[in-house]
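The following exercises are to be worked with the sequence and the three-dimensional structure at hand. Each task is followed by a solution in steps.

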Amino acid sequence: MEYRKLGNTDLKVSNISFGASSLGGVFHPVDESKAIQTVHTVIEQGINFIDVSPYYGHLKAEIILGKALKDIDRNKYYLSSKVGRYGSNGINTWDYSAQRVKESVYESMERLHVDYLDIINVHDIEFADLDQVCNETLPALKELQEKKIVGYVGITNLNLNHFKYVIEHTAPHTIDVLLSFCHYCLNDDSLLDYLDYFEEKGIGVINASPFSMGLLTERGAPDWHPAPQQLKNLCHKAARYCRSRETPIEQLAIKYSTSNPRIATTLFSSARPEAVIQNLEWEKAALDKNLLEDVQKILAPRFRDSWVNS
């Protein structure tokens, strides 16, 4: 396993990491015992960074993850959770107020059975008033950082421009890390345009969704996926081509996303132990540069085709 320094933090994280959204049944129904076994497999395989949120499964992911972590030495993993985005009874809610996010941190720690979080992120700031995030949400989390309740503070977001807005409208060193998803994968590498800026600020970069929320899989994108149909069609064509070359597109996708040393780690998610092992085997495989070039040509007509504003 390769480990990389996360920005100016003191965290050295595995270059492939575990996103616990699947534990909340976000994508498929979950067998709790198998989900707990999945977390144990993650740690046994050398992955040392786990990311979760109270939003995933409307608390379910944190609850199951907490049960799994009870049996694992706290020194074996770094743990990240989020604030601001929630839900119950199938209804999504958002609350980025100082009082609520502070309460949320303690609630998450209770569900996770830990007494501190290595990272706390403001979740999906594209849904928030960015000025409130700058002037209220982040200062509240920095207070918890000063009290050593959380180690580092970050933001997650789909719209890359929002990262720069928040960084430029807060005091230096307010943002320690950031989590971007669907912008460093086979069909969209626009995160690259921002890496110089993030590095200048000393901010650690976490990449998520190497499969672009299902676009880059043999199964194909789920019905709810917001990508334009033309992009879905090209990704399906690319998957068929990879199959003809006897390499699943998932292998190419995960190897590509984890191969850039400027990106500390890439999150994948599953609630099955065998899927964890499979993802790690794909990550360890050599990158087929000829296949990558062919797939990039297939995806070129809709490359960086975003659904941010759709």
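The expected span of a helix is 1.5 Å times one less than its number of residues. Helices (H or I, at least four residues) and strands (E, at least two) are DSSP runs, numbered from the N terminus. The model is a predicted one, in which local features need pLDDT of at least 70 and side-chain atom pairs count only at pLDDT 80 or more, while totals for chains, interfaces and linings use all residues. Residues are numbered from 1 along each chain as its sequence is written, and side-chain values use heavy atoms, with hydrogens and water left out.

**Exercise 1. Helix α9**

Task: Compare the reach of helix α9 with its expected span, then determine which of its residues are buried and what covers them.

Solution. Step 1: Helix α9 runs over residues 273-284 and has twelve residues. From first C-alpha to last it reaches 17 Å, close to the 16 Å expected.

Step 1: A residue is buried under 20% relative accessible area, exposed over 50%, and partly exposed in between (1.4 Å probe, protein chains only). In α9 the buried residues are Pro273, Ala275, Val276, Asn279, Leu280, Trp282 and Glu283.

Step 2: Contact means heavy atoms within 4.5 Å. The cover of these buried residues includes β3, α1, α8 and β12 (265-268).

**Exercise 2. Helix α7**

Solution. Step 1: Helix α7 (residues 229-244) has 16 residues and reaches 23 Å between its end C-alpha atoms, close to the expected 22 Å.

Step 1: Leu231, Lys232, Leu234, Cys235, Ala238, Ala239 and Cys242 are buried in α7.

Step 2: Among the elements covering the buried residues of α7 are α8 (249-258) and α10 (289-299). Just after α7, Glu246 takes a positive phi of about 60°.

**Exercise 3. Salt bridges**

Task: Which parts of the chain do the pairs Glu274–Lys34, Arg85–Asp124 and Arg245–Asp288 link?

Solution. Step 1: Side chains of opposite charge can pair when their charged atoms come close. A salt bridge is a side-chain nitrogen of Lys or Arg within 4 Å of a carboxyl oxygen of Asp or Glu. By this rule there are 21 salt bridges.

Step 1: Glu274 and Lys34 form a salt bridge at 4.0 Å, N to O. This pair links distant parts of the chain, with Glu274 in helix α9 and Lys34 in helix α1, 240 residues apart. Glu274 is partly exposed at a relative accessible area of 40%, and Lys34 is partly exposed at 34%. A network of salt bridges links Lys34, Arg272 and Glu274.

Step 2: Arg85 and Asp124 meet at 2.6 Å, N to O, in a salt bridge. Here Arg85 belongs to strand β6 (residues 85-88) and Asp124 to the loop between β8 and α4, 39 residues apart. Both Arg85 and Asp124 are buried.

Step 3: The salt bridge between Arg245 and Asp288 spans 3.8 Å, N to O. Arg245 lies in the loop between α7 and α8 and Asp288 in the loop between α9 and α10, so the pair ties together parts that are 43 residues apart in sequence. Arg245 is partly exposed, with a relative accessible area of 31%, and Asp288 is partly exposed at 32%.

**Exercise 4. Loop residues**

Task: Locate Phe127, and then examine the backbone and accessibility of Leu59 and Ser209.

Solution. Step 1: Phe127 is in the loop between β8 (117-122) and α4 (130-146). With 43% relative accessibility, Phe127 is partly exposed. Leaving aside neighbours within four places in sequence, Phe127 is in contact with Arg85, Trp94 and Tyr96.

Step 1: Leu59, in the loop between β4 (49-51) and α2 (60-69), has a positive phi near 90° although it is a residue other than glycine. Its relative accessibility of 31% makes Leu59 partly exposed.

Step 2: Ser209, likewise not a glycine, has a positive phi of about 65° and lies in the loop between β11 and α7. Ser209 is buried, with a relative accessible area of 16%.
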